[in-house]
Every structure is written in structure tokens, then in C-alpha cells.
Amino acid sequence: MRQALPEAMRARDKVAVSVLRATLAVLDNAEAVPVGEAGLRGVAIEQAPVGVGVTEVARCELSERRVVEVVRAEADERLEAAAQLSAPAHADRAARLRAEAAVLMRLLDGPGGA
């Protein structure tokens with residue numbers, strides 16, 4: 001997907017650029033390290049660790065299967081939203097959501113998957 005983004009930008013494909021950026025952000029969020037509640041409360045500023053690199057933690061690595069699940073969920077979410085937009089006034093938005101889902105499904109169906 002990260003390779004598909006510059007290609008979509010060069011092709012000036014606004015739908016693909018938009019959905020790829022959004023999906024990459026979702027994947028980045030899925031790789032974030034969860035913070036426990038204990039780490040969020042009970043530490044006064046003067047007791048907080050300080051210094052360069054104190055807050056840096058290695059990100060979680062998603063398996064290929066998990067990436068496919070996330071991308072498929074994003075596509076399904078767009079298709080469900082498009083199905084709910086039945087009013088003629090929302091036809092353009094529904095068409096865009098279907099086009100975004102199609103971009104994601106092509107990535108999943110293409111060589112190498114997501």
C-alpha cells in the first residue's frame with residue numbers, strides 16, 4: 001500500500017490517494033503500543049522520567065493476516081456506509097465510498113495482497 005500511494009499521487013487519482021492515506025493511518029494506529037491505565041495516572045510531572053528517547057517504544061508489528069483483516073474491514077465499512085446512503089442527494093457520496101472500497105479490494109486481490 002505504501003508503494004501504491006505515490007503511484008496514485010502521480011496518476012492524480014484523488015479517490016485512491018484519499019483511501020490509501022486513511023487506511024495507512026488506520027494501520028499505523030493498529031501498530032501503536034497500548035498504554036495501560038496504570039501508566040496514565042498517579043505519576044506527578046516531577047516524578048515523570050525525562051530525557052531523550054524516554055517515550056520511545058518499538059511499535060507492534062502486524063502480521064500480514066492482520067493487515068488484510070484491517071484493510072478488508074475498512075472496505076466493508078465503506079460499503080456498509082454507501083448502502084445506508086439511499087437518498088438521491090447522497091448518490092455522489094455513496095459512489096465515492098464504493099470507489100474507495102474498490103481500491104482497497106483491488107489491493108487485497110492484487111499480487112502479494114496488501
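**Exercises on helix packing**

**Exercise 1.** Determine how H2 and H5 are oriented in this predicted model, given that they pack at an angle of about 70°, with their axes 9 Å apart.

*Solution.*
Step 1. An angle of 65 to 115 degrees counts as roughly perpendicular.
Step 2. H2 and H5 are therefore roughly perpendicular to each other.
Step 3. Their crossing is right-handed.
Step 4. On the H2 side the contact involves Lys-14, Val-15, Ala-16, Ser-18, Val-19, Leu-20 and Thr-23, and on the H5 side Arg-96, Ala-99, Glu-100, Val-103, Leu-104 and Leu-107.
Step 5. Sorted by class, these residues are 8 nonpolar, 2 polar and 3 charged.

**Exercise 2.** Carry out the analysis for helix H2 (residues 14-30) and helix H4 (residues 64-84).

*Solution.*
Step 1. The packing angle is about 130°, and the axes lie 10 Å apart.
Step 2. Roughly perpendicular covers 65 to 115 degrees, and roughly antiparallel applies over 145.
Step 3. H2 and H4 are therefore oblique to each other.
Step 4. The crossing of H2 and H4 is right-handed.
Step 5. From H2, Val-19, Ala-22, Thr-23, Val-26 and Leu-27 meet Val-67, Val-70, Val-71, Glu-74 and Arg-78 of H4.
Step 6. This contact of H2 with H4 comprises 7 nonpolar, 1 polar and 2 charged residues.

**Exercise 3.** Which residues of the largest nonpolar core touch the most other members?

*Solution.*
Step 1. The core has 20 residues.
Step 2. Met-1, Leu-20, Leu-27, Val-71, Leu-104 and Leu-107 touch the most other members.
Step 3. At least two residues of this core come from each of helix H1 (4-10), H2, H4 and helix H5 (91-109).
Step 4. H2 supplies the largest share, 6 residues.

Notes. Residues are numbered from 1 along each chain as its sequence is written. This is a predicted model: local features need pLDDT of at least 70, side-chain atom pairs count only at pLDDT 80 or more; totals for chains, interfaces and linings use all residues. Side-chain values use heavy atoms; hydrogens and water are left out. Axes are lines fitted to C-alpha atoms, for helices over the stretch in contact, and angles run from 0 to 180 degrees between N-to-C directions. Helices (H or I, at least four residues) and strands (E, at least two) are DSSP runs, numbered from the N terminus. Angles under 35 degrees count as roughly parallel, over 145 as roughly antiparallel, 65 to 115 as roughly perpendicular and the rest as oblique. A crossing is left-handed if the near helix is turned anticlockwise from the far one by less than a right angle, and right-handed if clockwise. Contact means heavy atoms within 4.5 Å. Ala, Val, Leu, Ile, Met, Phe, Trp, Tyr, Cys and Pro count as nonpolar, Asp, Glu, Lys and Arg as charged, and the others, Gly among them, as polar. A nonpolar core is a set of buried Ala, Val, Leu, Ile, Met, Phe, Trp, Tyr and Cys residues joined through side-chain atoms within 4.5 Å. Buried means under 20% relative accessible area, exposed over 50%, partly exposed in between (1.4 Å probe, protein chains only).
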